[in-house]
Amino acid sequence: MKIVMVGQGAFGQKHLDGLKNIDGVEVVSLAGGRAESVEAVAKKYGIPHWTSKLDEALARPGVEAAILTSPTQVHADQAVQVMKAGKHVQIEIPIADSLGDAKRILEAQKQTGKIAMAGHTRRFNPSHQWVHNKIKAGELKLQHLVVQTFFFRRKNINLEGKPRSWTDHLLWHHACHTVDLFQYQTGETASHVQALEGPKHLELKIALDMSIGMKVPSGACCTLALSFNNDGPQGTFFRYICDNGTYIARYDDLFDGKDNKIDLSGVAVSMNGIELQDREFVAAIRERREPKSSVQQVFPAMQTLDRLERSLG
């Protein structure tokens with residue numbers, strides 16, 4: 001299977017690392033921004049073709065699919081372009097930063113019949129899969145999901161500490177992980193939502209602090225605190241408070257409420273959530289089926305984010 005990678009940044013490289021472990025997959029082109037950076041990453045991973053033009057990459061012989069790790073603001077346009085070119089697409093989270101753009105992607109998927117998958121990694125992390133399996137088996141019932149998403153990002157830089165050409169967003173990007181996960185784990189759409197934001201940064205023009213609350217009809221709650229002002233441990237940490245135990249997920253690792261590590265070795269074929277996400281994308285294409293975390297399945301999260309944004313006033 002020949003794939004185009006779009007975006008040469010930190011997340012694009014995470015996908016390239018994961019794809020190396022999947023049999024029968026070849027990244028034949030890298031499409032990105034700054035020419036020197038694109039070339040360097042292409043050479044690092046042995047990708048034979050690199051370009052700044054998406055249409056050129058998609059036109060390479062035998063290309064079946066593309067993975068978008070480009071700036072959020074161009075996700076919708078690029079996703080539609082990929083599908084109209086007859087290729088399947090995986091779009092890194094978030095698929096868009098507005099409900100209108102998310103609708104455009106969903107409409108293009110329905111029109112073309114191509115697979116459109118969202119890169120909602122939390123659905124694939126072994127830690128969250130373990131909890132999900134327990135909930136589905138009736139062994140756990142979620143009472144309260146408490147989440148901290150903390151970064152120190154007062155300047156417009158990426159995970160590698162390099163300048164970004166676009167501005168990140170607490171609500172449409174970082175909160176998207178938790179909004180989708182909460183609705184996925186409960187199997188319900190939030191019936192009550194509320195959001196508060198702190199003062200906007202003078203240069204970035206976005207709030208660097210945010211508080212979100214959600215509740216689903218069955219009664220389970222979610223409390224999410226987000227900050228780009230946290231000068232301390234970085235990342236997102238999930239505390240599942242259930243009727244039968246408490247569990248803390250730190251990316252691909254899981255601990256109980258007393259910080260004892262839980263063995264996840266039997267959950268999936270890999271301990272890497274991004275690799276598992278890419279395996280699902282490849283498998284869905286090969287098996288001609290809808291993938292877990294298809295654009296259609298994650299669309300309710302985009303609707304909830306839109307409601308949260310409107311609740312900010």
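When I say that two residues are in contact, I mean that they have heavy atoms within 4.5 Å of each other. What I am showing is a predicted model, in which local features need pLDDT of at least 70 and side-chain atom pairs count only at pLDDT 80 or more, while totals for chains, interfaces and linings use all residues. Residues are numbered from 1 along each chain as its sequence is written, and side-chain values use heavy atoms, with hydrogens and water left out.

Let me start with phenylalanine 255, which, setting aside neighbours within four places in sequence, is in contact with Thr246, Tyr247, Ile248, Arg250, Asn260, Lys261 and Ile262. Phenylalanine 255 belongs to strand S13, residues 253-256, where helices (H or I, at least four residues) and strands (E, at least two) are DSSP runs numbered from the N terminus. Is phenylalanine 255 buried or exposed? Its relative accessible area is 13%, so it is buried, the cut-offs being under 20% for buried, over 50% for exposed and partly exposed in between, with a 1.4 Å probe and protein chains only.

Now to the nonpolar cores, each of which is a set of buried Ala, Val, Leu, Ile, Met, Phe, Trp, Tyr and Cys residues joined through side-chain atoms within 4.5 Å. The largest has 72 residues, and the members that touch the most others are Ile95, Leu145, Ile212, Tyr240 and Leu305. Helix H7, residues 170-186, gives the most to this core, namely eight residues. A second, separate core has 24 residues, including Leu16, Leu30, Val38 and Phe124. Returning to tyrosine 240, the residues it touches, not counting those up to four places away in sequence, include His128, His144, Leu145, Leu181 and Gln185.

H7 also meets helix H9, residues 295-311, their axes coming within 9 Å and crossing at roughly 125°; axes here are lines fitted to C-alpha atoms, for helices over the stretch in contact, and angles run from 0 to 180 degrees between N-to-C directions. That angle makes H7 oblique to H9, since under 35 degrees counts as roughly parallel, over 145 as roughly antiparallel, 65 to 115 as roughly perpendicular and the rest as oblique. The residues making this contact include Leu171, Trp172 and Ala175 of H7, and Val298, Pro300 and Leu305 of H9.

The other helix pair is H1 and H2, whose axes come within 11 Å and cross at roughly 15°, so that H1 is roughly parallel to H2. Gln13, Leu16 and Asp17 of H1 make the contact with Val41, Lys44 and Tyr45 of H2. H1 is mostly covered, with seven of its ten residues buried, and these are Ala10, Gly12, Gln13, His15, Leu16, Gly18 and Leu19.

In H2, residues 35-45, the buried residues are Ser37, Val38, Val41, Ala42 and Tyr45. Why do they line one face of the helix? Seen down the axis of H2, they fall within an arc of 130°, the arc being that of the directions from the helix axis to the C-beta atoms. The face of H2 turned away from the buried side carries the exposed residues Ala35, Glu36, Lys43 and Lys44, whereas the cover over its buried residues includes H1 (10-19), strand S2 (26-31) and strand S3 (50-51). After H2 comes glycine 46, with a positive phi near 70°.
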